[in-house]
Each structure stands twice: as C-alpha cells, then as structure tokens.
Amino acid sequence: MNTTGIIAEYNPFHNGHQFHLEAARTDTGADFLVVVMSGCYTQRGLPAVMDKFLRARGALEGGADLVLELPLPYATGSAEYFAAGAIALLDRLGVTNSVFFGSECGDIHALRQAADILAREPEKYRAALQNRLSMGVSFPAAQAAALARTCPAGLCGTAAPDSETLLSSPNNRLGIEYIKALTRRNSSIRPVTVSRKGAGYDDSHLCTKENDQGVPLSSALAIRRSLFDQNSCLQVLDHIPPHQHPVYQQEWNRSFPVSPDDFSLLLHYKLLSSTRDSIVSCWDVSSSLADKIYSALPGFSTYMEFCGRLKSRDITHTRISRSLLHILLDIRAAHIEEYISRDYISYARILGLRRSASPLLHAIKENASVPLISKLADASRILPPEALEMLARDITASHIYEAVCARKFRRPMRNEYARELVIL
C-alpha cells in the first residue's frame with residue numbers, strides 16, 4: 001500500500017488545491033491520500049473562513065481519501081511548530097510513505113540543503129541569526145538572512161546571498177520545515193515537492209490568468225476577501241472546483257464567511273479580564289508584546305485593527321495575530337512544552353473519509369502509535385488523561401468558533417459531540 005500525506009488548511013478549498021491533490025496521486029503513485037488539515041483556526045492566527053467539516057468535504061470531493069484534524073496548538077503555531085505537529089501525525093500513523101507539498105522553487109535538493117542547516121543550526125548560522133535579531137528585525141527576516149550567510153553557493157540555482165529568497169517564500173519555508181521535522185524524527189517518510197502554479201500566496205486579487213486547462217488559480221487570500229465583498233462573491237465560483245459550487249450556493253451567508261473581526265468582542269473581553277502575567281504565559285507572547293497590548297488596549301476597536309496597531313519592525317502582523325489568538329483560546333507555552341514532551345501527537349481525529357478507504361483505516365489501526373478517533377464520545381474510553389486534556393482544548397476552541405457562527409448567522413449552535421463525520 002502506497003500512502004501519501006498532504007498537509008493543508010484549505011481555507012477555503014480552491015482550484016489550486018484540486019490540482020495539487022491530483023498531482024500528489026500521479027507523482028507519488030499513491031493508493032491513498034491522507035490530508036492533515038487545520039481545524040477551526042489557521043497558521044496565520046486567524047479563524048478559518050468556513051468550518052472544518054465543510055472544508056473536509058471539499059478535500060474528499062477533490063480526491064482525498066482521509067482527512068485528519070491537525071490539533072489546535074500546531075494549527076495555530078509558527079511554521080516550525082505547524083510542520084512539526086503535522087509531520088508527527090503523519091509519521092505516527094505508521095503507514096505514510098511520502099509527504100507531498102507545493103513550493104515556489106520546486107527544487108527538493110535546495111529545500112533539503114536549507115532544512116539540513118536549520119535542523120543542525122551550525123555555529124555560523126546561529127551567529128548570523130543572533131546578529132540580525134540584535135538589529136531589531138523580525139525572526140523570519142533574521143532567519144532568512146542567516147540562512148543566506150550559511151548556505152553554499154548554488155542553492156536553488158542562485159548565489160549564496162540570493163538564497164535569502166528561499167525562506168522569504170511561504171511555501172518554500174513550509175517545505176523546509178516539513179523536511180526539517182522529518183530529519184529530526186529520523187522518519188522514513190519521503191518528501192516530494194511540486195512547483196506552485198498560479199497566483200502567489202499573498203496575492204489579494206482574483207487571478208485572471210488560466211492554467212493549461214483553462215482554469216484560474218487564485219490564492220486562498222483573494223478568494224477569502226472576495227467572499228466578504230457582496231459585489232464580487234459570485235465571481236469566486238470560477239476559482240473553486242465545480243464540486244464545491246453547491247456548498248457556496250447553499251451555505252454562503254448561512255454558515256460562512258467567518259472573519260477575524262467576528263471575534264473582536266470575545267478578544268476584547270479576554271484582554272480586559274486578563275492580568276499581564278496571564279497574558280505573558282500564553283504561547284508566543286513576549287513581555288514586550290504584553291506591554292504593547294496593555295498600552296494600546298484603551299483604543300481597541302476590532303481584532304484586525306488591533307493587530308495593525310501592535311505591528312512594528314521587529315514583530316510581524318502574523319505573529320501578533322497568532323499571539324492574540326493564543327490569548328483568546330488560552331493556549332499557553334507550558335501546554336506546548338508538555339505536548340512536545342509526549343512526541344507532539346496523542347491521537348488522530350478523523351474529520352472525514354471515503355468508504356473506499358477501509359483498507360487504509362485497517363492499516364492505520366494495525367500500525368499507528370496513536371489511537372484513531374472517529375467518535376468523540378469514545379475518546380474518554382480510549383485516550384489517557386493527558387491526551388484527553390489536549391483534545392478537550394480543541395473541542396472548547398471549536399465551540400467558541402461555532403458560538404460566533406451561531407450568533408453571526410442567527411442559527412442554533414452545533415455541539416462538537418453531535419457533529420457527524422463527512423463520509424463519501
């Protein structure tokens with residue numbers, strides 16, 4: 001059995017994701033595709049534009065065989081933790097042969113070289129990193145500059161100073177982190193990359209260019225923005241696969257789109273009712289950021305406006321958003337240390353599957369080093385207390401997301417325990 005893993009957010013699922021799934025099956029010869037997907041919140045530190053079950057359905061209809069939820073701390077972590085958690089989950093399934101991902105450079109050799117340096121952290125790299133950080137630049141920028149100083153000439157076909165661009169491209173960066181995580185785990189999973197096509201990751205406008213099949217490949221960011229624009233929301237249908245059209249026609253303004261600002265009141269209350277010490281104990285929140293938060297709090301208006309107010313040269317907008325989300329959801333640094341000490345992952349929760357994937361499920365049950373959860377009601381019976389605690393945090397965060405959706409779209413709140421798997 002040949003099983004390929006894919007790590008994704010599908011926020012939302014679009015044409016580019018469809019082609020990526022098709023390429024994964026073709027390029028790796030996979031019998032089964034396992035997707036590890038973020039739940040209700042994403043790596044940028046923001047709520048997903050639509051709930052995880054709708055997004056899981058899109059993945060399955062697009063060709064995935066099994067969709068597993070990436071636990072909350074890793075789904076909302078920096079690239080390093082996002083990758084480490086997702087790779088740990090794929091590795092602990094015991095059946096994954098390869099992990100397939102897109103990258104801007106499409107060069108697995110270059111990505112391996114960079115990952116090796118970041119995994120080993122040689123003295124030259126550490127010195128260059130600290131030098132840049134002492135100059136007040138953000139960590140991502142400092143890391144990219146340090147890599148450029150350390151990488152040999154010819155990385156990704158460029159001279160060493162130009163290799164800084166390798167880490168400045170988001171898909172390259174994630175790919176490097178996937179390979180680094182595989183290296184540190186001494187995993188047998190093989191990394192495979194394909195060149196990313198279409199609009200760039202941060203392109204905020206719907207793409208007018210088409211691929212060879214005549215299909216536009218817009219970024220998820222552009223699609224999300226269009227969903228909030230009454231004048232352009234219908235244009236989104238050209239940028240998502242046809243199997244997703246009924247979902248958009250039936251659920252738009254009924255269950256999505258969800259925006260960060262929908263969480264503004266909750267965040268404001270959380271900040272007002274928290275002490276400085278409790279905020280500093282949250283993951284990614286430094287003492288200096290906590291001071292900025294308290295200084296700016298009287299002028300709080302919305303989630304995104306507050307992120308912009310806190311942004312500075314040494315801290316990115318994404319880092320701030322992620323930190324605020326960790327405060328809102330009470331994700332603490334001590335929790336992360338504990339999870340990592342237990343090898344990151346304590347269970348694999350199924351969001352959806354194809355009926356034809358029964359051989360895959362059987363193989364996972366035979367080989368996995370973590371329990372497979374299909375019904376939340378069974379969790380208390382099959383999980384140890386520490387794993388239950390991790391799952392409980394995920395469930396609470398999902399209920400917060402669902403409560404916001406229920407209020408926004410004026411419908412009853414759905415209990416996480418009552419949600420059914422997506423089965424095709």
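**A covered strand in a predicted chain**

Strand S1 (residues 3–8) and strand S4 run parallel and are joined by two bridges; strands here are DSSP runs of E with at least two residues, helices are runs of H or I with at least four, and both are numbered from the N terminus. Two strands count as paired if DSSP finds at least two bridges between them. The model is a predicted one, in which local features need pLDDT of at least 70, side-chain atom pairs count only at pLDDT 80 or more, and totals for chains, interfaces and linings use all residues. Residues are numbered from 1 along each chain as its sequence is written, and side-chain values use heavy atoms, with hydrogens and water left out.

So what sits opposite Val99 of S4? Gly5 does. S4 also pairs with strand S5 (residues 190–195), again in the parallel sense, over six bridges, and here Phe100 stands opposite Val192.

S4 itself covers residues 98–103, and six of its six residues are buried, meaning under 20% relative accessible area with a 1.4 Å probe and protein chains only (exposed is over 50%, partly exposed in between). Ser98, Phe100 and Gly102 point one way from the strand, while Val99, Phe101 and Ser103 point the other way.

Zooming out, the chain holds 20 helices and eight strands, and 55% of its 424 residues are buried. The C-alpha trace spans about 55 × 50 × 50 Å along its principal axes. Of the contacts (heavy atoms within 4.5 Å) between residues at least 6 apart in sequence, 72% join residues at least 24 apart.
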